[in-house]
Amino acid sequence: MALAVVLLLAASLLSGCASIVRLDPPPSSLATDLPVLGISNARFWPDGPPDALSREGVLMAQLGRAAQGPQRDGPSEVHFLALSGGGDNGAFGAGLMNGWTQAGNRPEFTVVTGISAGALIAPFAFLGPAFDAPLREVFTPAGRADVLRLGGWLTTAFSLVFGEAVADTSPLYSLIERHADEAMLRAIAREYRRGRLLLIGTTNLDLQRPVVWNIGAIAASGHPGALDLFRRILLASASIPGAFPPVLVNIDHEGRTFQEMHVDGGASVQVFFYPPSMQLRDMDRAGSGQRRRVIHVVRNGRIDLEGATVARGVMSITGRSASTLLHFSGINDINRIYLTALRDGLGFRVAYIGTDFRAPRSGPFDPEFMKALFEYGRAAGLSGAAWATAPPLATTSVAGPAGLAAAR
């Protein structure tokens, strides 16, 4: 992730040198109101008024009650799952889901949200243990080429000046195509009709705003373009700007086609649930308030910080500063979810990569590192030791070169 941030900063310095032709984005005055594929509830704007998301929550509560039937003797608890970004650290969350299944106490989640790497986990986690095996396949690749394709230094330099990214994500898209198929889309639509939500976050770069995509509504629409949109949302949510190409989403309006540019949801938020501006009182009136609610947050990353000696150079200073910014952005997102849960009476659980995980990493998407991290997450999910009931304080685990040497 730090390398991607450095590349992004370098690319931003050269942004005036060249551009690649694209269609115009929708006019800003209309952009948030235009439906995608004609589906009015295909997406929400979490930094805006919460009305649309609240209405969707009420609808889901009503569908959930109808699905239970007249007896309404469903589970005594309602469980939610929020999956963070983290690049190749997503192997932790994938392993955690597999281990949780093996423990025999993994619940069905009424709402699942995902950002970036968490977006790739989310559909599998939403659909349940039957999808654990393909989830493992996605996050234990045979090699880096299964996820991305990098050129040499000359190609990278050319891409920084004339391109839109330094890596080609066509291998990742092929992986998405293989698993996000018509059968998965039908399964998601079926669960949506039972009152369950699958929400994926991207960042609309034209508007500089987070977007929450309602995958269940897209799946249930029956639109012939639904599957392609689902795949593009997954790819966009994992597309680190500058490192991976952005994803363009077509919007048709009054006989004209516009294009929105979407990138990694982590550019705006690292992990999300519902915005603090949204209240749960309406959902309570719709019939879900009698059951205890628990939010499980999975941070596909560490909480502790690793001390190091930073060289006095532009790239090292900006890279270290940007990675620090991203780290605390993620911590602050977890704290926001925690405080919102306290306010609304939800139980809270958080899992993250601990200081005891020290597998070596040769570079981004190192397959051996990802396999080791998957097994670490699986063991944590199986034992139940993964979960804390409050966000821990950030600490510095290694204090400098001497500490680094001792840790090795």
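**Close-up views of a predicted model**

View 1. Let's start with Thr140, which sits in the loop between α6 and β4 (149-150); helices (H or I, at least four residues) and strands (E, at least two) are DSSP runs, numbered from the N terminus. This is a predicted model, where local features need pLDDT of at least 70, side-chain atom pairs count only at pLDDT 80 or more, and totals for chains, interfaces and linings use all residues. Residues are numbered from 1 along each chain as its sequence is written, and side-chain values use heavy atoms, leaving out hydrogens and water. Thr140 counts as buried because its relative accessibility is 19% (buried means under 20% relative accessible area, exposed over 50%, partly exposed in between, with a 1.4 Å probe and protein chains only). A polar atom of the Thr140 side chain lies 2.6 Å from the backbone oxygen of Arg136. Not counting residues up to four places away in sequence, Thr140 touches Lys371 and Phe374 (contact means heavy atoms within 4.5 Å).

**View 2. The buried side of helix α6.** Within α6 (residues 132-139), the buried residues are Asp132, Pro134, Leu135, Val138 and Phe139. They share the same side of α6, because they cover an arc of only 165 degrees around the axis (taken from the directions from the helix axis to the C-beta atoms). Their cover includes α4 (90-103), α5 (117-127), α8 (170-179) and α14 (367-383).

**View 3. Where α9 meets α11.** Here, Glu182, Met184, Leu185 and Ile188 of α9 meet Ala226, Leu227 and Phe230 of α11.

Terms used
Polar contact = N/O pair within 3.5 Å; in protein donor to acceptor, adjacent residues only side chain to side chain.
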